[in-house]
Amino acid sequence: MFKDNRYLRKGLLVGVFEVPLAELGSGANNIVDFPMVPFKNVTGNGSAISATYKHSGKGLDALTDSFWFNAKEVEGLLEKSATRFPQIAEHRDEVMAVIKDWYNGYHFGRFRGKYNPWSVCAFIECLCNQLESSEHGEVRSVPDAIKSAARAHWVATGTTDLIEEQFTSHRDQAIRLMESLIRDYRETRLGGLDHDLALSNSQAVSLQLPKPDMNIVSSGKYSADGMLTLCLFAGYLTHKHPDSVCIPNHEVYNVWCTLFTRTLLGTGFAERADINVRGSLLAELWEGKTAILSSFIQEAFGTLTNHGKYKEKEYANIVATVLTAASCLGALSPPDQVSTHTSHAITTRENHTGDGQCDHLMRLFSTDNQPNQFGVLIEFKLIPKDKRANTGLHEILAKKALDQIIEKRYPTCLSGCTERLDIGIAIGSNVLRILTQLYKLDAATRKWIPVGFLTSSAN
């Protein structure tokens, strides 16, 4: 199309990688490259210009600002929509805050804070449709309509098959990359920091991207740069600094949570609605309940096990993997507290606990939001393969595991904890029986007192 076309004076290719100029006679030697990555002199300390910057209308700034929406363009779309639906103007700040949280965060050239145009337009269309339906008898408040319209729009137009294929091929390395990306996003964006502050937060996890590298797609070899570049150019990452990347917004963050759980534990686990609900598992443990934990464990066994010959230690390791995933995704975070940390879950296998070794230990937030003051002790008992149909034995073994926590004085390792949950698990393949007991530490006697619940909601 470009070469030897006498009807063409200039051409513009967008959405492509840098064109290599292999030789002078290649026919592509008059190319000017306009990179969309941040310039090297742009730091995270505020030297990048915002997406509302009024440039001269010429040169590279004008070209770069032609891509995606800036804040003024989004506001203009809302103003036009408000002529038909004045509720949008009345709730303008709330609508803009939701749009920024879900669809903002992209960094191109010297511009920071660009919006995904597809998602913004789809959000506004969805919001207008819901407001219109309310005019025809369907009762819905404006805040509810805004909340309902905030969903995955752009990411729903395609699949992540190519990315998932690479992650599956390099599972261990991919999990570490995803953990860092998710933790970075949760500590900055979900931790309450403004996006510009999040970009300049020196404490956040940073992933280096020295140069574009797409060899991973064809070579079959692991390359962190290749994985990141693939996700960057697919729109699932953006630049934090010129040499690092991050998750741009909440729409894409949900995709990363799904990718993480699929890679770690399988598709069934990733599609659970409760895994991504902040504090869902912690709130249940406060009440001494284990329905979510039990279902997590059983689904993980279907993904991570391929035979029924595991020993107690191996089952404990699988449960540790499940709890690590739940912690990374916020299910063990305080449900009503905005924290700058993913969760304060400390998950370990104790070697010296009382008179023996506890299979699993966690230190979580207590019910009064004190970190590391709610201890969870888990002990396993293996159900023999020929006894897995004997439900009476399951109960006996779970009770034996629960009693062992006391008999072996495992709670002595919970120095500083004021609340605790003991969990006894009888386990064998996909057969599971769980018993629990909650305790509170008496401030006067320093003794653990059994209680029925820790939160008023369990009353």
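Visitor: Where does Thr290 lie?

Guide: Thr290 sits in the loop between helix H14 (280-286) and helix H15 (291-304); helices (H or I, at least four residues) and strands (E, at least two) are DSSP runs, numbered from the N terminus. This is a predicted model, in which local features need pLDDT of at least 70 and side-chain atom pairs count only at pLDDT 80 or more, while totals for chains, interfaces and linings use all residues. Residues are numbered from 1 along each chain as its sequence is written, and side-chain values use heavy atoms, with hydrogens and water left out.

Visitor: Why does Thr290 count as buried?

Guide: Buried means under 20% relative accessible area, exposed over 50%, and partly exposed in between (1.4 Å probe, protein chains only). Thr290 has 14% relative accessibility, so Thr290 counts as buried.

Visitor: What is Thr290 in contact with, leaving aside its neighbours within four places in sequence?

Guide: Thr290 is in contact with Glu284, Ile434 and Thr436, where contact means heavy atoms within 4.5 Å.

Visitor: How do you know that the span of helix H4 agrees with its 12 residues?

Guide: The expected span of a helix is 1.5 Å times one less than its number of residues. For H4 (residues 92-103) that should be 16 Å, and the end C-alpha atoms are 16 Å apart, which agrees.

Visitor: Which residues of H4 are buried, and what puts them on the same side?

Guide: The buried residues of H4 are Val95, Met96, Val98, Ile99, Trp102 and Tyr103. They cover an arc of only 160° around the axis, so they lie on the same side of H4; the arc is that of the directions from the helix axis to the C-beta atoms.

Visitor: What makes Glu395 and Arg433 a salt bridge?

Guide: A salt bridge is a side-chain nitrogen of Lys or Arg within 4 Å of a carboxyl oxygen of Asp or Glu. The closest N and O atoms of Glu395 and Arg433 are 2.7 Å apart, and the two form a salt bridge. Glu395 lies in helix H17 (residues 391-407) and Arg433 in strand E11 (residues 431-441), so the pair ties together parts that are 38 residues apart in sequence.

Visitor: Why is Glu419 called buried, and what does Lys440 count as?

Guide: Glu419 has a relative accessible area of 2%, and so is buried. Lys440, at 34% relative accessibility, counts as partly exposed. Their side chains meet in a salt bridge (3.2 Å, N to O).

Visitor: How many salt bridges does a search of the whole structure find?

Guide: The search finds 7 salt bridges.
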